[in-house]
Amino acid sequence: MTGDPRRRIPRTDTLLADSRLSEASRLFGADMVKRAVRDAQQLARAGRIEPVDVLPAALAALPQAPTRLRRVINATGVVLHTNLGRAPLSEAAVEAITEAAGYVDIEYDVTTGARARRGRSTMEALRAAVPGAGDVHVVNNGAAALVLVATALAAGREIIVARSEMVEIGDGFRLHELLAATGAVVREVGATNRVHLRDYADAVTPDTGFILKVHPSNFRIEGFTSSVGVAALAGLPTPVVADIGSGLLRPEPLIPGEPDAATWLREGATVVTASGDKLLGGPQAGLLLGAHDVIERLRHHPIARALRVDKLTLAALEATLRRPTNPTVAALHADGWELRERATKLAARLARQGIAATVVPSDGVVGGGSAPGLRLPGWAVRLPAGLAGVLRQSHPCVVGRVRDGYLLLDLRCVGSADDEALADAVERACS
């Protein structure tokens with residue numbers, strides 16, 4: 001048995017003494033590293049790798065970073081790509097998260113030494129962004145905002161909503177099912193394509209909790225249609241809760257069809273709900289803005305505790321509100337000529353390496369259930385479609401869009417600082 005190659009498999013303690021594995025133990029914990037070592041040793045015992053390859057195999061099995069989440073270069077042209085985490089955070093928001101990672105005065109008044117309102121500086125920033133709001137509150141996402149309002153204002157009562165606004169959001173979640181789960185009764189009014197003020201008025205009873213106005217941000221109904229605006233609904237004898245969905249706090253000329261919180265509050269909405277990680281360009285959060293007494297009622301409801309956000313979200317949201325320039329805004333307003341110039345440079349570099357790369361027009365979209373149908377004219381580098389899978393496995397991961405038998409790398413959502421990394425990834429994929 002002296003010639004048995006398994007006897008040459010390195011011992012566990014010898015492997016763990018290697019400086020690279022010692023550093024990995026510091027980052028990921030000793031248990032994970034030991035499992036990687038033992039799995040590699042087992043591969044050698046089974047004859048699937050050579051004993052000399054045990055250490056490299058163990059190192060390869062360990063993550064390259066403390067999280068399994070992988071950085072992605074978004075070359076799809078979709079600004080708010082839900083599967084890629086929607087809005088990328090600004091440098092200010094990332095800096096704020098780092099600052100908040102340790103102990104912070106999230107519920108502590110450093111002047112008096114007493115307990116303070118949680119996230120007060122973030123709430124101040126949100127109130128400043130929408131001065132027309134009597135008060136504000138933040139929960140962990142847009143759906144949670146609706147759940148809180150429905151639970152606090154309409155549990156055991158009716159919520160009136162137009163049939164044309166009974167949306168289905170991501171992953172199969174439907175509005176009426178979400179509301180029904182709170183104990184409210186959903187009362188639909190109008191037809192699929194048309195609803196009138198009289199439909200709402202006829203439905204209002206002493207059992208009405210509120211009228212819900214939902215902006216159908218992820219689809220459009222065209223043709224013989226009609227809807228009722230917030231201003232008209234606000235004239236009825238019941239509160240109006242308006243869900244703008246996209247997180248637009250003020251009017252945006254680029255997207256005139258998207259409602260904003262300031263406008264709907266001015267038109268009479270009692271409460272406006274929105275998302276933080278869409279057009280606002282911040283972290284995932286649900287924003288509630290409206291009448292002071294109603295927001296106070298929501299804030300003190302028992303379920304609010306289960307929906308509250310952590311210190312990292314509060315920090316990132318505050319930074320986003322105080323410094324409104326962020327990657328989402330930059331991508332939406334990207335200059336077409338600059339996109340074309342960057343695409344031309346990238347294609348020329350790749351062509352010099354013998355890679356079939358050309359520049360083609362490419363329409364981006366807002367995404368994230370916002371501004372359906374709006375096209376954002378831009379430019380992309382066209383490559384062979386076979387590169388798509390290879391680039392998805394690269395480091396960093398590159399995700400483009402396959403269309404008409406080609407892979408398009410749209411630069412709208414790619415920061416200019418990532419042009420070099422994108423070019424390197426394509427060159428490696430073709431090598």
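Me: Starting with the term: two strands pair if DSSP finds at least two bridges between them. Which residue stands opposite Y406 in β14?
Reply: P384 stands opposite Y406. Strands here are DSSP runs of E with at least two residues, and helices are runs of H or I with at least four, both numbered from the N terminus. The model is predicted, so local features need pLDDT of at least 70 and side-chain atom pairs count only at pLDDT 80 or more, while totals for chains, interfaces and linings use all residues. Residues are numbered from 1 along each chain as its sequence is written, and side-chain values use heavy atoms, with hydrogens and water left out.

Me: How many bridges join β11 to β14, and which way do they run, parallel or antiparallel?
Reply: There are 5 bridges between β11 (residues 376-384) and β14 (residues 406-410), and the two strands run antiparallel.

Me: What order do the strands of that sheet come in?
Reply: The order is β2-β10-β11-β14-β13, an open sheet of 5 strands with mixed pairing. Its edge strands, each pairing on one side only, are β2 (78-80) and β13 (401-403). On average, neighbouring strands are turned by 40° against each other, direction ignored. Axes are lines fitted to C-alpha atoms, for helices over the stretch in contact, and angles run from 0 to 180 degrees between N-to-C directions.

Me: Which helix packs on the sheet?
Reply: Helix α16 (residues 336-352) does, touching β10 (358-367) and β11. The direction of α16 makes about 10° with that of β11. Contact means heavy atoms within 4.5 Å.

Me: And D404, where is that?
Reply: D404 lies in the loop between β13 and β14. D404 counts as exposed because its relative accessible area is 70%. The cut-offs are under 20% for buried, over 50% for exposed and partly exposed in between, with a 1.4 Å probe and protein chains only.

Me: Switching to β7. How many of its residues are buried?
Reply: In β7 (residues 240-245), 6 of 6 residues are buried. V240, A242 and I244 point one way, and V241, D243 and G245 the other way.

Me: Which strands are joined to β7 by bridges?
Reply: Strand β6 (residues 208-214) runs parallel to β7, with 4 bridges, and strand β8 (residues 271-275) is also parallel to β7, with 4 bridges. D243 is the bridge partner of V214, and G245 stands opposite A274 in β8. From β7 the chain passes through helix α11 (residues 261-266) to β8 in a right-handed β-α-β crossover. Right-handed means that, with the strands pointing away from the viewer, the path from the first strand over the helix to the second runs clockwise.

Me: What about D135, buried or exposed?
Reply: D135 counts as buried because its relative accessibility is 3%. D135 belongs to strand β3 (residues 135-139).

Me: What does its side chain join in a polar contact?
Reply: The side chain of R127, at 3.1 Å from that of D135. A polar contact is a pair of N or O atoms within 3.5 Å; within protein, one must be able to donate a hydrogen and the other to accept it, and residues adjacent in sequence count only if both atoms are side-chain atoms. Leaving out residues up to four places away in sequence, D135 touches several residues, including R117, L288 and H292.

Me: How many helices and strands in the chain?
Reply: The chain has 18 helices and 14 strands. Buried residues are 46% of its 431 residues.
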